[in-house]
Amino acid sequence: MTSSASSWRLRCIGPRGSFVVSGLTGESSVNDLLADIASASGIAQRRVRLLTRFPPMPRPTPINIPDNRKTLASVGIRSGDLLHIEESDESAEELLSAVPGILMKHVVPADNSCLFNAVAYALSGSSAQILNATYMRQIVASTVSSNPSTYISAMLDDRTNNEYSSWILLETSWGGAVELSIFARHFEVEIVVVNAQNASLARFGEDSNYQQRIFLLYDGIHYDPLVLISPTGGETLQSLFSTSSDSVLVSALELAQEAQRGRQFTDLKRLPMSCLVCKQQLAGPVEAQKHAQEKGHINFKEET
């Protein structure tokens with residue numbers, strides 16, 4: 001029996017320790033070897049990089065593998081070889097290729113409760129009625145009122161704790177960073193806000209080692225959840241994603257960059273607003289703040 005047909009034994013040294021791969025032959029493919037290495041080392045197969053060292057070469061050198069379907073014998077690997085394993089960094093292209101669908105926004109109504117509805121939909125998908133905006137507002141109000149030493153006026157747009165707890169229950173009240181941080185802790189999920197205005201990602205709960213994350217697209221005034229849809233039928237595949245993979249993060253950032261290039265955002269500095277109390281028209285948040293100080297009116301809405 002030839003060397004290529006008999007069972008091989010390959011010694012492997014990698015960043016997570018040493019091990020032996022056996023049971024392959026010279027006719028086994030490089031993909032077969034990579035799969036065995038991934039199983040033994042815990043390194044994702046697409047990130048395994050093979051190097052070898054033959055005396056008198058002082059350092060491991062990459063093995064030239066033009067096609068992972070090639071046999072081990074054809075790329076110069078022999079039974080008894082000592083293989084050095086490296087864990088390569090994934091490029092943005094590789095991460096994007098790992099996303100099993102198309103990341104798109106699911107539009108929720110622009111009814112002053114978009115943040116609450118967006119989070120509810122991302123958490124529960126088509127069962128979003130279970131986590132509706134009213135319920136989400138109640139979570140915020142309860143959390144704020146129960147933690148007066150944490151949620152002080154400096155964090156609450158200069159409202160007192162009691163004022164904010166009542167104000168956030170109103171259907172006309174917008175949510176923001178305070179609400180996102182509360183939802184991240186309450187539901188134990190990382191929330192990634194994809195900002196279309198500056199093509200950036202803001203991550204709430206990033207340091208808490210949560211197992212799942214959701215994505216929201218923010219255009220300056222409105223939040224929509226991001227969902228993964230099937231590339232063939234448009235069917236929603238998922239809206240909750242594992243934090244163990246950054247592939248969807250890369251896809252989300254690419255989506256933000258596309259939205260920025262297409263100017264799919266609203267510049268808040270120029271956003272026309274009106275006072276709900278006296279109906280006065282105002283040119284943006286700065287005038288609205290001045291109006292509130294002068295008149296004591298604090299309820300406003302955007303004019304789109």
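Five strands form an open sheet with mixed pairing, in the order 2-1-5-3-4. Strands and helices here are DSSP runs numbered from the N terminus, with at least two residues (E) for a strand and at least four (H or I) for a helix. Two strands count as paired if DSSP finds at least two bridges between them. Strand 2 (17-22) and strand 4 (61-62) stand at the edges; each has a single partner strand, so one side of each is left without a neighbour in the sheet. Strand 3 (residues 48-52) and strand 4 run antiparallel and are joined by two bridges. Across this pair, Thr 52 stands opposite Thr 61.

Helix 1 (residues 30-41) lies across strand 1 (9-14), strand 2, strand 3 and strand 5 (82-87). Its direction makes an angle of about 140 degrees with strand 2. Such angles run from 0 to 180 degrees between N-to-C directions, with axes fitted as lines to C-alpha atoms, for helices over the stretch in contact; contact means heavy atoms within 4.5 Å.

## Basis of the description

The model is predicted: local features need pLDDT of at least 70, and side-chain atom pairs count only at pLDDT 80 or more, whereas totals for chains, interfaces and linings use all residues. Residues are numbered from 1 along each chain as its sequence is written, and side-chain values use heavy atoms, with hydrogens and water left out.

Strand 9 (residues 212-218) is mostly covered, as six of its seven residues are buried. Buried means under 20% relative accessible area, exposed means over 50%, and partly exposed lies in between (1.4 Å probe, protein chains only).

Strand 7 (residues 190-195) pairs with strand 9 in the parallel sense over six bridges, and Val 194 stands opposite Leu 217. Strand 12 (residues 241-242) pairs with strand 9 in the antiparallel sense over two bridges; here Arg 213 stands opposite Phe 241. Strand 10 (residues 223-229) also runs antiparallel to strand 9, with three bridges between them, and Tyr 218 stands opposite Tyr 223. Strands 9 and 10 form a hairpin with four residues between them, and Gly 220 in the turn has a positive phi of about 115 degrees.

## Salt bridges

Side chains of opposite charge can pair when their charged atoms come close. A salt bridge is counted where a side-chain nitrogen of Lys or Arg lies within 4 Å of a carboxyl oxygen of Asp or Glu. The whole structure contains six salt bridges. One of them joins the side chains of Glu 86 and Arg 49 (2.6 Å, N to O). Glu 86 lies in strand 5 and Arg 49 in strand 3, so this pair ties together parts that are 37 residues apart in sequence. Glu 86 is partly exposed at 36% relative accessibility, and Arg 49 is partly exposed at 34%.

Arg 203 and Glu 190 also meet through their side chains in a salt bridge (2.7 Å, N to O). Because Arg 203 belongs to strand 8 (residues 200-204) and Glu 190 to strand 7, the pair ties together parts that are 13 residues apart in sequence. Glu 190 is buried at 3% relative accessibility, whereas Arg 203 is partly exposed at 30%. Arg 203 forms a salt bridge with Glu 206 as well (3.4 Å, N to O). A network of salt bridges links Glu 190, Arg 203, Glu 206 and Arg 213.
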